[in-house]
Amino acid sequence: MTIELDVKGPRADPGTGRARRTGDRAAWSGLAAMTVSFGLNFSAGVFFAPAAAAYGMDATALAVAAALSTALTGLLQPVIGTLLDRIGARAVLLAGLVFMAACYLALSVVQETWQFVVVYLVLGGIGFAASSSLALTTLIGRLRGERAGPSLARASTGINLGQLLVPWAATALFEPVGVRATYALLGAAGLAVTVVLAAALPKDRFQASAAGRESLRGRTRMLISFGLHSATLYVMVLLLPKHAVGLGWSAADAGRLVAVAAVAAGIASAVSARLLRRHRPETLLRILHAVRAVSLGLAAVVSEGPALVAVAVLFGVASFPVIPLTMAVVSRGLDRSRMGRTLAPAWLVHQLSAAAGLAVATALHAVSGDYRAYFALGLLLSTAAAALVSPGRRETVSTN
């Protein structure tokens, strides 16, 4: 006898009213958590120049602290994955948010450069590792199973909200209250949101397991496409404004390109959550990778103001939504009790690819004097990512 199984999974259990309500609560709570986590993380660069002046520190040391913190976040993913499976995604996510808030509170009182670096590296690195996308994916994946895609897409709009709101709040507070008070206020706000989330976040459904992670065999092409995506994601977020300055833009106008991309990404994430009700994530991913290829191709050749704004819009639309959509595919069918450990390598690939992309972009800039060469390379990487995303398919299982 031959049975055809839709890889989206059974419709009865995950689709019940109670399951949907729990999934909705997880999605909205996850959105708030990502706003705090990514908002505090993305705001670090906003503080560097004013913190260096206010604290009498070397701005280079602060940049080094950020690089080390990013590396630590990546290296900790296997550890975080184990904790997700041992104590639960909800507990890990909340602990990470507490660490992020404590980092900002501690930065408001440090006196020496080494103290700043240690606090930022340890509290910030650990906090972001525990409260970013791996924990969110595991929590929602356990609650919604094969139907996690729309909830993940909705929750991930918090990444873009954080990217918009927290840096804006920081820059608005610098002049009236000062740098130290701004650190303290943002840390206190993050802690307050975490207290609310402790009551709002639903418990993830899992049984603690001592067994190792599952194999991601069969998902290799998707993981490679995820790595190619991150190799261009961080380069565009961090270096597009610098590229615009090199073309004669003011620093303020160049910085607004990131805000434009964040708004476009937030809208695209919300739209993708609705499109997933009728379309498979693989279909949307191929389209998004292709659109990002167009944005990178434009970035490699244009120099006029409106054209760069178009680059930022297309990049935003086609970049951040890729993360929840990819996780919806990679997490499909995984054992929920081992999901954290199983997904951790995907995020290790993500971080290492991002670091490699930044290194190559910096090297090409040193040779050519701008980032056009890497944007052209990014066009090829994004095209390859689109080709690697296999079409959604129905699996056939034979039984006797």
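The model is predicted: local features need pLDDT of at least 70, side-chain atom pairs count only at pLDDT 80 or more, and totals for chains, interfaces and linings use all residues. Residues are numbered from 1 along each chain as its sequence is written, and side-chain values use heavy atoms, leaving out hydrogens and water.

**Overall content**
- The chain holds 16 helices and 2 strands, taken as DSSP runs numbered from the N terminus (helices: H or I, at least four residues; strands: E, at least two).
- Of the 400 residues in the chain, 51% are buried (under 20% relative accessible area, 1.4 Å probe, protein chains only).

**Helix 15**
- Residues 339-368 form helix 15, whose 30 residues reach 44 Å from first to last C-alpha, close to the expected 44 Å (1.5 Å times one less than the number of residues).
- At Pro-345, helix 15 bends by about 25 degrees (the angle between axes fitted to the seven residues ending there and the seven starting there).

**Nonpolar core**
- The largest nonpolar core has 109 residues, and those with the most contacts inside it include Phe-47, Leu-240 and Phe-375; such a core is a set of buried Ala, Val, Leu, Ile, Met, Phe, Trp, Tyr and Cys residues joined through side-chain atoms within 4.5 Å.
- Helix 10 (residues 220-246) gives the most to this core, with 12 residues.
- Phe-375 touches residues including Val-235, Met-236, Leu-240 and Leu-296, not counting residues up to four places away in sequence; contact means heavy atoms within 4.5 Å.

Note on methods: Buried means under 20% relative accessible area, exposed over 50%, partly exposed in between (1.4 Å probe, protein chains only).
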